[in-house]
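Please examine the sequence and the structure shown here before reading the report.

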Amino acid sequence: MDEAMLNVFVEHYNRGDRAQNGWKPHVYTAVVKNVRAKCNVDITKENVISRCKTIDRHYVNVSKMLSTSGFGWEWIHNKLMVDSEDVWSNYVRANKDAACYRHKVIKFWDSISLVFSKDHATGTGARTAGESAAEMAAENVNNINTDSTATSSTQTGEEQKRKRYQSDDSIASMLGEKLDNFTSAYKADIAQVAPPEKPSSPEEILDALNAIVGLDDDGLLAAYDILIADDRKFKALMALPERMKKKWILKQINQ
């Protein structure tokens, strides 16, 4: 089911169907349709969103480890590779939630890292501290209005006005405290941002193109020119299933 879902996400990611605030609605429709067809299960958009949240949590935890010295990814067995037990023990001591990943198998990491890295690398789809504070303000104001309506029959106008002023003061104080917390958390996150990835080497690109069955020399050279100039496209190619790579390459050449 994950493979059927991720294949659709990768396809639409390469089409540019990721809007500012997330996937465009028709992408979820395509995912549900593909999973139903390939896996013969009845799922909904809500099921897909729930599964995406789980995968995103794994992505955050694993990518944090991969950005730490001593960690790598074992592509054959689809799990973490650690230089030594000391490296693992020291990391888990500081990050207790990571303990479950020592031997955890996570398939399709190439697709996951392509699709789910967008939010965390660029901040797209993430709420800012100001946006979160605004949401809390709106929620508290709604709660206050509801309370005021329920008790209006027993309170005078002056009592209601005094209560509203007190509530507004409480909201302002609460928002100030929350905004400080958000700012501290944001600074901590910035401090932990991993260095940018090194671009793929010419040898890696050539090896990947040579592995595509049916791609002639002219097609290989044309694809090489495209991928050597755009590392993002190379990563997109590597995330695709083998059966789709040649078709995708030819599409890029003919654009």
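## Basis of the model

This is a predicted model, in which local features need pLDDT of at least 70, side-chain atom pairs count only at pLDDT 80 or more, and totals for chains, interfaces and linings use all residues. Residues are numbered from 1 along each chain as its sequence is written, and side-chain values use heavy atoms, with hydrogens and water left out.

## The largest nonpolar core

A nonpolar core is a set of buried Ala, Val, Leu, Ile, Met, Phe, Trp, Tyr and Cys residues joined through side-chain atoms within 4.5 Å; buried means under 20% relative accessible area, exposed over 50%, and partly exposed in between (1.4 Å probe, protein chains only). The largest such core holds 50 residues, of which Met5, Phe9, Val48, Met65, Leu209 and Ile249 touch the most other members. Helix α1 (residues 2-14) supplies the largest share, seven residues. Helices (H or I, at least four residues) and strands (E, at least two) are DSSP runs, numbered from the N terminus. Because domain 1 (1-117) and domain 2 (202-254) both give residues to this core, it lies between them; the domain bounds come from an automatic or database domain assignment.

## Packing of α2 and α3

Helices α2 and α3 pack at an angle of about 95°, with their axes 9 Å apart. Axes are lines fitted to C-alpha atoms, for helices over the stretch in contact, and angles run from 0 to 180 degrees between N-to-C directions.

## Two loop residues

Asn40 lies in the loop between α2 (25-39) and α3 (45-66), and its phi is near 55°, a positive value in a residue other than glycine. Asn40 counts as exposed because its relative accessibility is 71%. Asn78, in the loop between β3 (71-74) and β4 (79-82), also has a positive phi, near 55°.
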